[in-house]
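Please have a look at the sequence and the model on the screen, and then I will walk you through a few parts of it.

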Amino acid sequence: MYTQCPHCQTIFKLAGTELAAAHGSVRCGHCAAVFDALRTLSAQLPPEPIEGLPTHPKHSVPPQLDLPVFRPSPAQTTLFAAEPADRAKASERSSLPAFAAARRRARTPRTWPWLVASVLLMLTLVGEIAWSERASWVNDARVRGWLEPACAKLGCRLPLRHDATTLELLSRDIRPHPSVPGALIISATLRNDAAFAQPFPMVEIALSDLDEKRVAMRRFQPREYLSDARAIEGGLAAGASAALVFEVADPGRDAVAFEFKFE
């Protein structure tokens with residue numbers, strides 16, 4: 001079939017599927033104008049020289065079709081037309097014997113076990129995330145505000161809240177060890193300026209030279225600078241101070257300064 005653009009007079013060849021998809025509206029590939037292809041639709045080209053395709057007149061009354069090529073039989077029609085998928089399913093069910101249809105219904109998958117398994121997996125994932133982030137949540141004042149009453153009812157005990165920024169170093173001193181050759185004793189006084197008791201921190205001590213380069217460094221757990229197990233378990237009370245003692249190997253004369261860091 002052929003049609004002609006009314007703007008640039010270009011004649012194009014096209015198929016019926018293209019007309020059906022666009023309901024007769026097409027775009028000219030030469031001038032990009034959109035026009036009705038049905039106005040000049042022709043099955044064949046006119047004899048040369050071609051001046052243009054004839055334009056079909058518009059009819060107010062739709063033309064009547066009198067040449068049928070197919071008519072469905074009464075057995076194929078129903079009062080309510082079913083969808084193709086529904087007809088296929090109905091045909092399949094009607095063609096199956098009774099025992100096969102029963103077995104097919106028995107094999108119908110159930111979705112609720114998958115839903116229950118998905119919910120359980122999601123809860124497990126949330127629990128693992130909560131467990132891995134428990135330290136930050138316990139130290140959060142907002143979360144701890146509702147964890148403490150819940151724990152009091154359940155009879156559990158929360159770990160002490162920790163905030164290293166509220167620990168203040170009041171004094172520090174370094175001197176040779178009185179009884180161990182080649183060793184040093186570092187003493188310090190630590191105060192908890194927080195409004196809550198918190199565990200004794202991990203203490204990092206770094207020794208440096210005149211150029212502020214580290215010559216030695218070590219981290220101490222609370223049990224390494226405190227000998228009282230009860231004091232370690234109870235933590236450092238709010239506003240309280242504690243004396244800390246550290247024994248380290250003497251790094252030599254290059255170590256002229258030392259620095260404390262709490263974690």
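Let me begin with a definition: two strands pair if DSSP finds at least two bridges between them, and strands (E, at least two residues) and helices (H or I, at least four residues) are DSSP runs, numbered from the N terminus. By that rule, strand β7 pairs with strand β10 (residues 257-262) in the antiparallel sense, over six bridges, and Leu 207 of β7 has Phe 258 as its bridge partner in β10.

A word on the source: this is a predicted model, in which local features need pLDDT of at least 70 and side-chain atom pairs count only at pLDDT 80 or more, while totals for chains, interfaces and linings use all residues. Residues are numbered from 1 along each chain as its sequence is written, and side-chain values use heavy atoms, with hydrogens and water left out.

The pLDDT, which is the predictor's confidence in each residue from 0 to 100, averages 80 for the protein, and 78% of the residues score at least 70. Confidence is lowest in helix α2 (residues 84-95), with a mean of 53, and highest in strand β6 (residues 183-192), at 93. Where pLDDT is low, the predicted coordinates should not be read in detail.

Coming back to β7, this strand is also joined to strand β8 (residues 214-220) by six bridges, and the two run antiparallel; here Leu 207 stands opposite Ala 216. β7 and β8 form a hairpin with five residues between them, and Glu 212 in the turn has a positive phi of about 60°.

Why is β7 largely enclosed by the rest of the structure? Six of the six residues of β7 (residues 203-208) are buried, so the strand is largely enclosed, where buried means under 20% relative accessible area, exposed over 50% and partly exposed in between, with a 1.4 Å probe and protein chains only. Val 203, Ile 205 and Leu 207 point one way, whereas Glu 204, Ala 206 and Ser 208 point the other way. In a regular strand the side chains alternate between the two faces of the sheet.

Finally, consider Thr 166, which sits in the loop between α6 (141-154) and β5 (167-176) and is buried, with a relative accessible area of 18%. Leaving aside neighbours within four places in sequence, Thr 166 is in contact (heavy atoms within 4.5 Å) with Arg 191, Asn 192, Asp 193, Ala 194 and Gln 198.
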